Structures are given as structure tokens and as C-alpha cells.
Amino acid sequence: MAQAPAPSTDVTAVAEEHATPAWARPDAKMDALIDDLMARMTLDEKIGQLTLLTSDWESTGPTMRDTYKQDIKSGRVGAIFNAYTAKYTTELQRVAVEETRLGIPLLFGYDVIHGHRTIFPISLGEAASWDMQAIEKSARVSAQEASAEGIHWTFSPMVDIARDARWGRISEGAGEDVYLGRKIAAARVHGYQGDDLRATDTVLATAKHFAAYGAAQAGRDYHTVDISERTLRDVYLPPFEAAVDAGVASFMTSFNEYDGVPASGSKYLLTDVLRDKWGFDGFVVTDYTSINEMVPHGYSKNLAQAGEQAINAGVDMDMQGAVYMENLANSVAEGRVDTATIDRAVRRILEAKYRLGLFEDPYRYADAEREKATLYKPEFLEAARDVARRSMVLLRNEGDVLPLAAAAKKIAVIGPLGDSKPDMIGSWAAGGDRQTRPVTILEGLRARAQSGTTVSYAKGASYDFSAAGSTDGFAEALALAGKSDIIIAAMGEKWDMTGEAASRTSLDLPGNQEALLERLVATGKPVVLVLLSGRPNSVEWASKNVPAILHAWYPGTQGGHAVADILFGDYNPSGKLPVTFPRTVGQVPIHYDMKNTGRPIELGAPGAKYVSRYLNTPNDPLYRFGYGLSYTDFAYSPVTLGSTSMGPRGSITASATVTNTGKRAGEEVVQLYVQDLVGSVTRPVQQLKGFEKILLQPGESRTVTFELHPDDLAFTRADMTHGWEPGEFRLWIAPSSGAQASTPVSFTLTE
Ligand code: BGC
């Protein structure tokens, strides 16, 4: 088997052009202040600035262990996470500012992932909207709420490409695609950071987890990553680079190793790529205790060595491990870490504090009045509802079961997710209220139903793994189904079955849900499956037998209203899958931009042996990347090319006219796919190279034009340089991957 090439040094040879973000422009006043401060800091105080510790949270609110408070007082901690509310952050800030020798303000970080208090759909759900304005808006609202509570810095966006649905953290990213992932990374960074880091309603963003965390073997969280450098560069790194281009202020390292080196000790990733090649100006934090974890990884013989490896590789701040705190001074004394290395890291962190305006006024973000006026603002709740309905994907709608007919007077909501507040907001809704605020599907439907329509509920089944085989609750659910005109089956996964440390070896509906679903369908009543989940599920039986399926992800605080908006037809679904849905876990990893192989299945007669196929399952996925239905229909014209060839400095345009041929207004995500037929290394069968989401009234047509440049066709070539190659290409414009709505057309890229 071919070995993954060792990281080649050419990656560092040429610093690329990356525009300096506005916040990183030179600032002589800042430099003078930091020079003066650093001249007065002891080594221990400097190391304190490199230390990030967590606050705890109890039912009464956030708390700080006494030892931590002592650490703040003695200047041994420069940043705190998991602490929020204006009151509490002010209290901690006061200790740092008034009770430490130098009064350096604390930096407050937090996992504001898909909303802070007002929770939006999980990140994968938002990605399904393919709507950059909506995604940016969600990050903007999150920043407004979080900053009012004293938070300066969010550990988001997670830009890890994820192609393995077993991995629970697939729910936290933007899905499987590099192009979409880049766009979403940029939208989120802009949303959090706005145009001005000093504005008190913006927060620093963090691109995480650097890098290749999504490639964990067998989808098991924290597991080894062993991919080629080409795959790293072409698939996993681009969204991080897009975050740098968007001006992201910080990076977080990942838990995994890459090419035998844990990311928190990887000079290749943290210095050669991030600093030298991309010119990143911000600071790098580790993931939670990931320096410590270099010991069990077998990369460091003890914590002292781990700390040295991390700081020398380019890690500025140690999250929660206290490795720097306990060991770095000694490493400096013994000559294994230079003072200059410490100083550089300290300067980056002080710069972030300065740029936020904390040296002018350390309390400027925490504002009890603003907090009161900001959290759960009606316009934020409305935005959360709007983003939620934009994120939902209609997977099936046989016989136009949806939208619900006015004649459906008795609606049954059945399933463990039909009336479950905690599940609505999904995982990593850290500051979110899980118990009281979320609107359930039952509540949403009841709020929307006209008088004369009843909406009743029976749980019927359980998503607990242990419920498999049980029929408890079926009788009640079937009795309700028998009395109803239509059944809304709300099924899927419990909220914490995705997210961190939530890998599965099966993608099926857990518990006894599918057994109940089969019984519900057998009643002969129309059934709509509303799926709530943070990963692709292998719902093959449902895809053939349940007339309508809506994927609602975990839709957030206003989720129940958003589901009702779609089921009643107040909003026409427009989401498209950002990730491939396999038929069975056995197809994983499966993604739309695979390679052809030397024996593609199409070369053989149906059922032929000795082609690349399974004996027992088709190669095709259940639902393709980019797929999603609408209540209306769209027709695509043939593609027109501006010309059939382009030179090195040229460009080419490709257009198609899309017509709404149905009876309702609707949005369509028009997608451009390209295939590079031959390369110095083999090329994927298709790659997304553009998309546009357009709204069309019934009967309306719009011509969508994409412009491609040679750089859009670049990849890591055989000699490991990045660039395009002359040759033949095919492109097509379509409503999803693989669905060649328009006949592919060819063009040439010439030298
Ligand atoms: C996660 C990060 C998160 C951090 C802080 C870690 O376990 O991997 O994504 O930002 O905790 O809560």
C-alpha cells in the first residue's frame, strides 16, 4: 500500500498572500503598552497569561473553585472559560484588575456554538440552509447575546470536514464538503467578529479543531488520524485557511494526532502551515487538556516534556491542563524553552486583550443593563425560527402528503421527540436553557393549528438503546393513530447521541422507534416522519415506506414553531443536505466527491462481479449531498458556456436557467459541479465549485451564472505543489450532486 508522504517542507517555502485583517493592523500605541507591561512582568506572570482555566457551573450559577480564585489573584491565570453573566464576569474581572500586581484583565471564553441563550439549529443543520446570510446572522445574534454577558471569545466555528456519520461531532461542523465548508467558515467568522473587534457586541472567533479531527479512524472520537498529506491539504485544511482569510482571531488545536504527531505538539501544523504559510496573526489555544494528552498518546514522556513540545510547536495558550503553569518556568530555567518563545505567545494574548479594548476598560463587555435588554430579544427568537426552517430538509413527499391538508383535523404527534424540550436544542447549546424555553413539535403544531383541529400526543417508543425489542407504549400510540387523520412521527436520536464523545457503530434509529414506525405505517394512515438528529441516519426502510420525511436536525429554541411553519406550508422547505446519507453504516465513509477507481461499477453489467461494488447493498447512498425537495418543482435548462476553453489568466462562465414550474414560491440551491478528467494524481468524480440560493415565484425563471477561474480548479499535484493542470473538464449545474439535471458540458484549460 502506498505510504502517506511525510510532510514535505515545500509547504513552508512560500508564504501565501493573505490580507491582514483590520484588527491585526500595526498599532504603535498597543506595542508601547505591551512592551512596557512585559518589561515589568515576571516569568510566572507571563506564563499566567498563557493559562486558561474553566469555571464550574452549579444549579445556582457559575462558580469558581477557591484554588482557581487564588490563581487569578496571584496572576497565574490570564483567561477563564465557562464563566458568564455580567455579574459573575465582572466579579472575576475585579479580582484580576484590582487584586493582582499588574492588573491585567482576564479574557473570558465560552462555547457559543449555535447560539448563546437563544439557540439556533445545530451547526450541521445551519449548513443545510446553504444560506450564508442566515448562518452569519446566527453567529451575529450569538455574539450579541454572549458579549452582553461578559464573554469576549467563542470557541467557534468548528470547521472540521466530517465524512463519517459514526463520528458524533459531525453535528458540530458544516458537513463533508470543502467548498461549502470554506464559505460557512467565513460566514461564521464574520458573524462573530463583525467588522470591529472593539465593538462591545462582537466576540473573537476560534477556528477549531486544527487539524483533521474529523478523520478519526472508524468514526471513534479522539481516535488516530492517518491520512495522506494530499488529503490533509485538499480536504481538511481549506476551511481553516478560509477562516484565516476571514480574519479569525484564534485557533484551537485538535485532540488527534496527524502523521504520528499530536496536533498540540505539531510544529508542522501550528508553525509551518498556520504561521509561515498562512501568516496567521492571532493566538492558538489547545483543546481541553490536549497538552496533557500527549503523554497517553505516547509522544511525551511526561507533562514537562509535553509543555515544551507544545510551546515550541506554536501553542500559545494551555486550556485547562495547567501544564504550562506547572512546568514552563522550569523548562525555561533548564534551557529547553527560550524566553523569546514565551514572550511571543504572551504578546499575542495581550494583543488580543488590547484589541478588545480591555486595557481601556476591562468591564466594557459585561453590562447588566445590556444583558437584560439583549437576551432572548423577540427579534433574536424570530431569527432563530427563520434559520431553523431554512435548515430543514424535505427528504421525501410522496403524493404531496405535505403541506398538511386543511382536511386533516385530527393530528397525532407520536414518538419520543414529539414533546421533548431538552432534545430540541441538541448538543453544545452550552448557555441554552434546555428545560423551559424550547418550543417542542407538539407545542409548535398546537400553536399553529386552526380552531377545530386537534393535535394529540403519545410518546409510543423510546430512543434509548436499551428499548430495542420492547413494545411498551405501542398500544397507546396505535390507539391514538387509529383515531387520527394524519400521524406526525417525531423520531431520531437523543440530543446527546451526537456531539463530543458520542460516536456510534450504527446509524439506525436507536431503541424501538423503527418498529413503531412500521406499525404506524401499517395502519394505512398517512405518516410524516420528522427526524431530529445530528448525523445522517440510515433510514432506508422509511425512505421507501413513509410517504413524507422532513429532516429537522436539532432546530433550537424555536424549533417547534419552525417545524409547524413547514408542515403547514407557511414556509416552503429549501434546505439541502450538507452531507451524504448512507443506506447502511457499512457504506461509511461515503461522500459525493469520491474517486472513480479503476473498476467503476458502471463498467460492469448489472450485478457483475469484479467491479467496485458490494454484494448486498447498492453503491449509491440513500440521499445525496446537495439533495432536498421543495413543495414546488424546478426545471433546469441545458448549460451554456461562455467559451469552451480558458487560459491561465482567463475565466469561463457557465449558466443555466432555472424555472419554478410548480404552484408555490420556493427557494432553490442551484449547484455547480466540475469533474477534472485526468490529473497528475487521480481526481474526484465531481466537486462542488459554486452554488446560489434563489427565490422563484411560480412560473418565474432566473438565469444563474457561475464564473470559474483556473485557481478554482487547483489541487495538490503529484509534486505536492498547489495549482491547476491543463486538460479536459466537465461541468454541470444541478439541484444536487450526482443528479445531472443538465447534460454535462466540456471545456479545456490550456497552458
Ligand atoms: C471540545 C472543544 C471545546 C472545549 C471547551 C472540548 O472538549 O473538544 O470543542 O471548545 O472542550 O469546552
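## Helix, sheet and ligand shell in a predicted model

Helix α8 covers residues 178-193, and its 16 residues should span 22 Å at 1.5 Å a residue; the end C-alpha atoms are 22 Å apart, which agrees. The expected span is 1.5 Å times one less than the number of residues. Helices (H or I, at least four residues) and strands (E, at least two) are DSSP runs, numbered from the N terminus.

The model is predicted: local features need pLDDT of at least 70, side-chain atom pairs count only at pLDDT 80 or more, and totals for chains, interfaces and linings use all residues. Residues are numbered from 1 along each chain as its sequence is written, and side-chain values use heavy atoms, with hydrogens and water left out.

How many residues of α8 are buried? The count is 12 of the 16, so α8 is largely enclosed by the rest of the structure. Among them are V178, L180, I184, R188 and Y192. Buried means under 20% relative accessible area, exposed over 50%, and partly exposed in between (1.4 Å probe, protein chains only).

**Sheet.** An open sheet holds 5 strands in the order β6-β5-β4-β1-β12, with parallel pairing. β6 (153-154) and β12 (318-319) stand at the edges with a single partner strand each, so one side of each has no neighbour in the sheet. Two strands pair if DSSP finds at least two bridges between them. Strand β1 (residues 51-54) pairs with β12 over 2 bridges, in the parallel sense. T51 has D318 of β12 as its bridge partner.

**Ligand.** The ligand is surrounded by 13 residues; the closest are D111, R169, H209, D287 and E500. A residue is near a molecule if one of its heavy atoms lies within 4 Å of it. By class, the shell has 7 nonpolar, 1 polar and 5 charged residues. Ala, Val, Leu, Ile, Met, Phe, Trp, Tyr, Cys and Pro count as nonpolar, Asp, Glu, Lys and Arg as charged, and the others, Gly among them, as polar.

| Residue | Distance |
|---|---|
| R169 | 2.7 Å |
| K208 | 2.8 Å |
| E500 | 2.7 Å |

Taken alone, the ligand exposes 310 Å², and the protein buries 93% of that. Accessible areas come from the Shrake-Rupley method with a 1.4 Å probe.

**K421.** This residue, K421, lies in helix α17 (residues 421-424). The K421 side chain makes a polar contact with the side chain of E443 at 3.0 Å. A polar contact is a pair of N or O atoms within 3.5 Å; within protein, one must be able to donate a hydrogen and the other to accept it, and residues adjacent in sequence count only if both atoms are side-chain atoms. A polar atom of the K421 side chain also lies 3.4 Å from the backbone oxygen of T436.
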